[in-house]
Amino acid sequence: MEMHVEEPDGDITRVRLVGRMDYAGATEIDARFMELAGREKFLLVDLSQVNFLASMGIRTLIMAAKALKERGGKMILFSPEMMVAKVLKTSGTDTLIPVYYDLLLARMALQPRVPKS
Amino acid sequence: MQPRSDAGGETGEADSDRLVARNNLSELARVSEWVRRFALEHRFAREFAYGLELSVNEALTNIMSYAYRDDAQHAIVVELRAQPDRIRVEVKDDGVPFNPLELPVEEPPVSLEKSRPTGRGIPLMRGFMDELHYVRRDSRNVLTMVMHCART
């Protein structure tokens, strides 16, 4: 699976995951994803191009979200497709890591302040 | 160990197919691909195909991670059967006796701090399949998962 880290916009870093987030996919990105969670403060994880999510992928997301929170940071999940959203809901992950489909709301959830115009 | 098809496989369209996987997580990719091909051949709607692939993935992840106390190679047998109104999956392993259905249904954790990163496989199987059955037979764990569905 692919992991693309975009240039931070303020304190928010957007990371785009692409492909299958199963055992093989999670193993591929685990180290880099945890390193990112240990370095950044607000992480917007774009799941729109993840076409399969299994419990091994959820493990990666939760471990990173916990690491961020321990450092006073926060993670949100952005725009999962329908079946990936169902996995997040069925596993109770969406109550632990908020899921957003609107970019502005996602950014406000990460950094609740009025953006400069 | 090579995948073994009793029926279907290359020619597709047979109502059942069987695969033997080793007890190694690296086998999951091959198993997933086999399930996807079966779903495609039998024209399952995406929702059902996804749930089937996910449930097989989670059942095997649990077996490969927890069922064996030795380092020996073991065979896990997965059988898929397409019926007009349902898909039936049978997973057989020779690991330690373990009935996943006896695990209590956990309340979802209320906070990230209190949550565990693991333990979501069985809730996912329960959520995506309509029936789960377990029996210990001939020194093997036999997990049967059924999904009620209509084909496209």
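In what order do the 5 strands of the open sheet of chain A run? The order is β1-β2-β3-β4-β5, and the pairing is mixed. Strands (E, at least two residues) and helices (H or I, at least four) are DSSP runs, numbered from the N terminus. Two strands pair if DSSP finds at least two bridges between them.

This is a predicted model: local features need pLDDT of at least 70, side-chain atom pairs count only at pLDDT 80 or more, and totals for chains, interfaces and linings use all residues. Residues are numbered from 1 along each chain as its sequence is written, chains are lettered from A and ligands numbered from 1 in the order in which they are written, and side-chain values use heavy atoms, with hydrogens and water left out.

**Chain A**

β1 (2-5) and β5 (99-100) of chain A are the edge strands, each pairing on one side only. Inside chain A, β2 (residues 12-21) and β3 (residues 42-53) pair in the parallel sense over 9 bridges. Ile12(A) stands opposite Phe42(A) in β3(A). Helix α3 (residues 82-90) of chain A packs on the sheet and touches β3, β4 (74-78) and β5 of chain A. Contact means heavy atoms within 4.5 Å. The direction of α3(A) makes about 115° with that of β3(A). Axes are lines fitted to C-alpha atoms, for helices over the stretch in contact, and angles run from 0 to 180 degrees between N-to-C directions.

**Chain B**

Chain B also has a sheet. Its 5 strands form an open sheet in the order β1-β2-β3-β5-β4, with antiparallel pairing. β1 (16-22) and β4 (131-137) of chain B stand at the edges with a single partner strand each, so one side of each has no neighbour in the sheet. On average, neighbouring strands of this sheet are turned by 15° against each other, direction ignored. Helix α1(B) packs on the sheet and touches β1 and β2 of chain B. Its direction makes about 175° with that of β1(B).

β4(B) and β5(B) form a hairpin with 2 residues between them. In the turn, Asp138(B) has a positive phi of about 50°.

**Where the chains meet**

28 residues of chain B contact 26 residues of chain A. The area buried between the two chains is about 2,400 Å², and carbon and sulfur atoms give 66% of it. Buried area is the accessible area (1.4 Å probe) that two parts lose on being put together, summed over both.

Between chain B and chain A there are 4 salt bridges. A salt bridge is a side-chain nitrogen of Lys or Arg within 4 Å of a carboxyl oxygen of Asp or Glu. Lys69(A) and Glu113(B) meet in a salt bridge at 3.4 Å, N to O. On the chain B side, α1 (28-41), α2 (46-66) and α3 (121-128) each give two or more residues. The largest share, 8 residues, comes from α2(B).

**Salt bridges overall**

The whole structure holds 19 salt bridges over all chains. Within chain B, the side chains of Glu53(B) and Arg36(B) meet at 2.9 Å, N to O. Glu53(B) lies in helix α2 and Arg36(B) in helix α1 of chain B, so the pair ties together parts 17 residues apart in sequence.
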